[in-house]
Amino acid sequence: MERGPMVGAGLGTGTRVRALLGCLVKVLLWVASALLYFGSEQAARLLGSPCLRRLYHAWLAAVVIFGPLLQFHVNSRTIFASHGNFFNIKFVNSAWGWTCTFLGGFVLLVVFLATRRVAVTARHLSRLVVGAAVWRGAGRAFLLIEDLTGSCFEPLPQGLLLHELPDRRSCLAAGHQWRGYTVSSHTFLLTFCCLLMAEEAAVFAKYLAHGLPAGAPLRLVFLLNVLLLGLWNFLLLCTVIYFHQYTHKVVGAAVGTFAWYLTYGSWYHQPWSPGIPGHGLFPRSRSIRKHN
């Protein structure tokens with residue numbers, strides 16, 4: 001008979017614990033939402049600055065030109081110095097796939113929420129199709145350069161023995177090595193992805209300034225793109241420090257920058273192109289709120 005009050009007290013304690021946990025979850029969700037909104041607003045303001053985007057080009061150039069000097073001041077035995085490290089295999093080798101996945105989702109949401117038009121959305125997404133064609137074309141061009149400038153060598157204990165085999169295929173079939181001028185495809189791809197993502201993400205500042213729908217999912221996708229952009233910058237720095245010859249890296253980055261200029265800096269400004277990021281999304285008649 002004495003267990004009744006004890007059971008009631010236990011139930012009351014359990015109810016209070018659940019209520020406390022519920023309040024804690026609500027507080028954590030509110031904090032996470034506040035951080036998400038604050039972080040996306042500040043990142044949008046940063047990436048939307050025209051001055052910063054110009055300085056960003058100078059930053060990438062400085063990384064590629066002067067970054068290799070850091071090899072004398074860093075530990076050559078770190079994980080990033082290995083070709084088989086996790087980031088090199090999972091991210092650098094698939095950089096275009098990651099970029100298309102994250103950036104494609106961002107462009108899709110921004111354009112469709114702003115226009116509600118499938119045709120306009122498809123037109124903006126076609127910039128990624130052009131980027132994929134640039135990547136594939138550049139890769140084939142780099143292989144062609146290596147074929148045209150290369151020679152066949154047989155590795156021996158005393159060194160390398162030059163063979164007169166005419167092309168890469170016959171050289172590799174004979175078990176030898178083909179060595180030519182190898183433009184760094186990783187440096188090219190990371191540079192191109194960095195410039196492309198910075199250009200595409202910059203439109204979010206204007207999107208917010210026009211008061212367009214910007215819920216948590218869109219802001220989260222935007223911040224994921226910002227994090228990926230930061231990762232590409234870090235991996236580009238690791239690449240120029242630890243891998244490839246100096247001129248191979250500089251040429252790769254130069255080709256990536258030139259590819260950005262031909263597309264985003266020139267062709268996309270023409271009426272018969274996919275258009276620059278943000279083109280046709282923000283009617284001038286729409287009221288613009290201050291972007292604090």
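**Pockets, core and cysteines**

The largest pocket has a volume of about 380 Å³. This is a predicted model, in which local features need pLDDT of at least 70 and side-chain atom pairs count only at pLDDT 80 or more, while totals for chains, interfaces and linings use all residues. Residues are numbered from 1 along each chain as its sequence is written, and side-chain values use heavy atoms, with hydrogens and water left out.

A pocket here is an open set of points on a 1 Å grid over the protein atoms alone, where a 1.4 Å probe fits, with protein on both sides within 12 Å along at least five of seven lines; lining residues have an atom within 4 Å of a point. Volume is the space filled by probe spheres set on the points, which are joined across faces, edges and corners.

Seventeen residues line the largest pocket, and Arg 53, Val 203, Lys 206, Ile 276 and Pro 277 lie nearest its centre. Two or more lining residues come from each of helix H2 (50–66) and helix H8 (203–209); helices are DSSP runs of H or I, at least four residues, numbered from the N terminus. H8 gives the most, with three residues.

The second largest pocket has a volume of about 270 Å³. Its lining comprises 15 residues, with Leu 47, Leu 52, Tyr 56, Ala 198 and Leu 229 nearest the centre. Helix H1 (3–47), H2, helix H7 (185–201) and helix H9 (216–242) each supply at least two of the lining residues.

Which residues touch the most other members of the largest nonpolar core? Of its 60 residues, they are Phe 106, Val 110, Leu 196, Phe 204, Tyr 207, Phe 222 and Trp 232. Such a core is a set of buried Ala, Val, Leu, Ile, Met, Phe, Trp, Tyr and Cys residues joined through side-chain atoms within 4.5 Å. Buried means under 20% relative accessible area, exposed over 50%, and partly exposed in between, with a 1.4 Å probe and protein chains only. Residues up to four places away in sequence aside, Phe 204 touches Ser 40, Ala 44, Phe 106, Val 110, Leu 218, Arg 219 and Phe 222, contact being heavy atoms within 4.5 Å.

Glu 146, in helix H5 (residues 118–149), counts as buried because its relative accessibility is 12%.

Finally, the structure holds zero disulfides, a disulfide being a pair of cysteine sulfur atoms within 2.5 Å. The sulfur of Cys 100 is 7.9 Å from the closest cysteine sulfur, in Cys 193, and therefore too far for a bond.
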